[in-house]
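Dear colleague,

Please find the structure below, handed over for your work.

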Amino acid sequence: MPHNDPADGPGKRLLRRDLLAARNRMTPDDVRESADALARRALGLPEVAGAHAVAAYVSVGAEPGTLALLDALRARGVRVLLPALLPDNDLDWGEYTGEGSLARVRHGGRMELFEPAGERLGPEAVTRADVVLLPGVAVDGRGLRLGRGGGSYDRVLARLEAAGARPALLVLLYDGEVVEHVPAEPHDRPVDAVVTPSGVRRFR
């Protein structure tokens with residue numbers, strides 16, 4: 001199945017464009033305060049509190065911030081896995097051991113990402129996580145997530161399903177990004193919960 005997402009139709013593209021424009025209007029202080037609130041909310045979830053391994057990602061730009069959460073998880077002794085983008089848009093994984101373990105990587109003309117600088121653990125490493133944090137732009141009342149359009153996390157979700165892995169699937173978003181309806185494709189899978197600065201909403 002190709003993953004530059006030909007199924008990413010005009011409805012998804014329009015919604016994504018509007019929500020990303022709203023993110024880009026946020027100040028650095030807004031982003032930082034939201035990141036602290038998101039970390040507190042996420043750390044209070046039973047799934048996160050009981051996790052031995054969490055697959056996450058490093059937020060960039062005005063994305064809902066993750067670094068405070070990653071550091072808090074590490075301080076608790078949780079193993080934190082971070083993705084490294086492969087040329088075919090699939091994801092490999094490496095371990096996060098603090099900000100010094102990150103490398104700034106530019107993929108083609110796209111934005112720079114922060115990826116694990118150490119040993120690569122293979123795409124299957126995500127199947128051993130108890131919790132998977134999925135990046136997103138929106139989620140709707142069914143728990144369907146709107147991603148960035150690259151399809152990388154569709155592959156992650158398909159890999160989890162094929163392995164019979166059942167980690168908790170969580171999305172970190174801003175309050176205004178929980179929307180009424182996300183245009184869905186047959187392969188879209190709902191998440192378990194969305195965490196925003198003001199609270200948590202569960203879907204299943």
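Helix 2 contributes the most to the lining of the second largest pocket, with 5 residues. Helices here are DSSP runs of H or I with at least four residues, strands are runs of E with at least two, and both are numbered from the N terminus. A pocket is an open set of points on a 1 Å grid over the protein atoms alone, where a 1.4 Å probe fits, with protein on both sides within 12 Å along at least five of seven lines; lining residues have an atom within 4 Å of a point.

This is a predicted model, in which local features need pLDDT of at least 70 and side-chain atom pairs count only at pLDDT 80 or more, while totals for chains, interfaces and linings use all residues. Residues are numbered from 1 along each chain as its sequence is written, and side-chain values use heavy atoms, with hydrogens and water left out.

The lining of this pocket comprises 15 residues, of which A35, S59, G65, T66 and L67 lie nearest its centre. Helix 2 (28-43) and helix 4 (67-75) each supply at least two of the lining residues.

Turning to the strands, strand 6 (residues 131-134) is covered on both faces: V131 and L133 on one side, and V132 and L134 on the other, are all buried, meaning under 20% relative accessible area with a 1.4 Å probe, protein chains only. Strand 6 runs parallel to strand 9 (residues 168-172), joined by 4 bridges, and L133 stands opposite L170 in strand 9.

With kind regards

Notes
Buried means under 20% relative accessible area, exposed over 50%, partly exposed in between (1.4 Å probe, protein chains only). Two strands pair if DSSP finds at least two bridges between them.
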